[in-house]
Amino acid sequence: MVMWRSFFGFALLFAFLGSTTVLEAQSSGTLRARIERGEPRSNAPIAVELDLGARRAFVDSAGEVVFEAVDAGAHVVQAIGADRSSRLQAVTIRPGEVADVRLSWAAQPVLNAVVVRASQPLRVLGRLPDTRDGVLYVGKKSEVLLVDSIQANLAQDVERQILGRIPGATFSETQGAGFPSNGVAFRGLNPTQSVELNVRQNGVSIAGDLFGYPETYYTPPSEALERIEVVRGAGSLAFGPQFGGAINYVTRDGARNSPLAVGTSLTAGSDGLLNSFTSATGGGEAWTYYAFVHGRGVRGLRPNADLSQLTLFGRVTYQASPAWRVGVELTTHDNRIHMPGGLSDSAFAVNPWSSMRARNWLASPWSIAALRAHWAVSSRVQLDAVLSHVSGDRHLVWRNEDGGAGAPDAIDPATGTFVPRELERETMDNTTLDARLHGTGDWLGVTNVWAVGLRLGRNVMVRQAGGTGSTAGDFDMRLLSGTWETDLRFVTDHAALFAEDALHLGDRLTLVPGVRIEAVRATASGHTDVATSFAPRTFVVPLLGLGAEYALTGASVLYANVSQAYRPVLSSSLTPFGSIARVDPGLRTAQGYNADIGWRGRLGEAATFDVGAFYLSYRDHIGTRTLTDASGTFDEVANIGTSEHRGLETYVELDPLALLDARTDARGSVVVFSSAALIDARYVTGAFAGRLVELAPRLVQRVGLSLQRGGVATTLQVSATSASFGNANNDIAPASVDGAAGVVPGYRVLDWSLRVPVRHGVEVSASINNLLNARYFTKRTDEYPGPGILPGLGRTVSVGVRLAR
């Protein structure tokens, strides 16, 4: 109780300090903000917010906006473009006077708004604004991808095209194994189901269990997205675990006072691909809405790799008063996945697109509900709260994979039938309240932007495994005989408090100290084949961080950050699901920290850049090792030791026509981009000291060329990833029959996409993924949809048409 009283006292103190800034104002003045757009001019709308959204207006044709009756004292003005790029500036209002603020929009260290004009560059990658929805991004390594500007295959959600411009992004490509939910990671961390990332949709965590089983089985379709926000390791202070930071998929939204607009697209392609997407958006005087329906079916490149999925989404937002805004959103996702299984090294060498399994199936329906509220407590203080519920299921019926990918799934001569399959089932229900109080102040002569937050939640997971299924080959989850070998119920109660404060020390320097305290209690009940009682796990983890940003000029900034992070281990982590690997019963929570330093900005109109270095210390790194005992060779998930990840990350986007001062409407637009990361991730303590971390390539590089003229746009991208290892042993040859250990060879993949407007409201697109039909894989695994090697997709061609009105 003492701990909790301290938590809430800490939060109330910050709220009081922010609120008192309002009481100090005894008179008012006028604020006049002017946006100097520079050359070349853009007509994209720019909004100006006073005190982070307390008051908001769009600039007029002269680039000005005026706020009357503004309380005397310190305030913060923020200009926000259509692409969410921003400029933050402090201003002091004196009683009865007019304060003028001038913001240079052309000379920003972020991207211009994307306008569909041939003379405008196709810039895609920017940085997050200094603050948004109660989260401080200033002084952090961040990126924001504008999905409409990405010339990529959105119908198949190809991550290396959509997220490929983020330096160092690596992917666990499982689509070739019939499993469409690919994973992503950064800086040499494990990309499997994005377990090292805090994955969110519109700010709501969508993982199975953020603490006990942080795998992601649903991500929204790319066609529904407005942008994708990424924060590296420093995101731990605002969002909690994990080491890799946070990725937030932000869907589109409606606009007030806008008529109903409907868009629909249909894409067909190789291997029986049929993808449809239909959306509706609009709004009235005080409300907005957005909804979509997405369906996809694929026969699959490999035999037994067919899948079908359907996603529904709806959101309504209502502006109840100038101070109150409320909203609700619902997501449902259903699928059925036929898994062709993994391959042994010898089978991959003969034919990487063959299948050794015909009876393995998975379904992972997912639903997300969220209630949102925004309250402008005063002109300086605001509250944002989200109450969310995530409900997920995983239903797995497969051949027991003891013996690995090389073991045949054959008819038993004694019975004349296949052996019975094994059933595994999980259900997850997560309820979370996330509230953020934020505002501005002027403490001891220092202008600051502060945020405090509270998260409360309960996660309930039921895991049943080892059931006896049918001998048939269809999707059948009936338990035909006996009971479950494992039948467990996990309950995790969690709470967190955090606080961050952006201190603007003059016109150039900003310091951002922060703290977060996580408290978790997890219990388990039920039985496994070896245990019937489980000790509860309780821990409190404090996390500290410090960020800094220094404006060198109006066009570039230096940034640096050091933040602690952790990855929790609960009882649910000790009982594997759909895996032939063992788990070390002594597995424990991992802790460490991330450090960033970099330089980002613009070089005139010709180039955008972000160059940085990072260091990550990961104590008790959770990885995979290969061991041998009397029963033979096996893989085990364990704390391998301390790993250190260090490297360089660079992103450069160049407009050659602007460099030559030759860009005109007649010439169109040419953009060359390069995203690269050099990564050295290795263990420095433990039995494998000196060896490289598994699934951590030394080089990740993507280069591309985008052309646009008269509305026609095309992009060619080359993705190159160097070799890595499948286990901490750094085994070169397969160490066991399951194919999970060994080298993951380096690979190079070429992708091309094209978009052509045919007439008003009609657009045709085409793409070729893996243009040269490279044979490669990104992952060896000891669990479904393997075990074994999971081949990457071969050459696939798709053509689509989009209609909008």
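**View 1. An aromatic cluster built from four residues, Phe277, Tyr290, Phe292 and Phe313**. In this predicted model, these four side chains group together as one aromatic cluster. Across the structure there are 14 aromatic pairs.

**View 2. Tyr593 and Tyr615, a tilted pair**. Here the ring centres lie 5.8 Å apart with the planes at 45 degrees, so this pair counts as tilted. Tyr593 belongs to strand 35 (residues 590-603) and Tyr615 to strand 36 (residues 607-629), so the pair ties together parts that are 22 residues apart in sequence. Tyr593 is partly exposed, at a relative accessible area of 30%.

**View 3. Arginines over phenylalanine rings**. Look for the charged end of Arg165, which sits over the ring of Phe673 at 3.7 Å from its centre. Likewise, the charged end of Arg232 sits over the ring of Phe186, 4.6 Å from the ring centre.

**View 4. The largest nonpolar core, with 48 residues**. Leu145, Leu163, Ile228, Ile247 and Tyr784 have the most contacts inside this core. Several strands each supply at least two of its residues, among them strand 16 (225-231) and strand 17 (246-251). Strand 25 gives the largest share, 4 residues.

**View 5. The surroundings of Leu163**. Leaving aside residues up to four places away in sequence, Leu163 touches Leu145, Ala169, Phe171, Val184, Ile228, Ile247 and Tyr249. A second, separate core has 14 residues, including Ala33, Phe67, Ala79 and Ile93.

Terms used:
Residues numbered from 1 in each chain as written. Predicted model: local features only at pLDDT ≥ 70, side-chain atom pairs only at ≥ 80, totals over all residues. Heavy atoms only, no water. Phe/Tyr/Trp six-rings, centres within 6.5 Å; stacked < 30°, edge-to-face > 60°. Buried < 20%, exposed > 50% of the residue type's maximum accessible area, 1.4 Å probe, protein only. Lys NZ or Arg CZ within 6 Å of the ring centre and 35° of its normal. Core = buried A, V, L, I, M, F, W, Y, C linked by side-chain atoms within 4.5 Å. Contact = heavy atoms within 4.5 Å.
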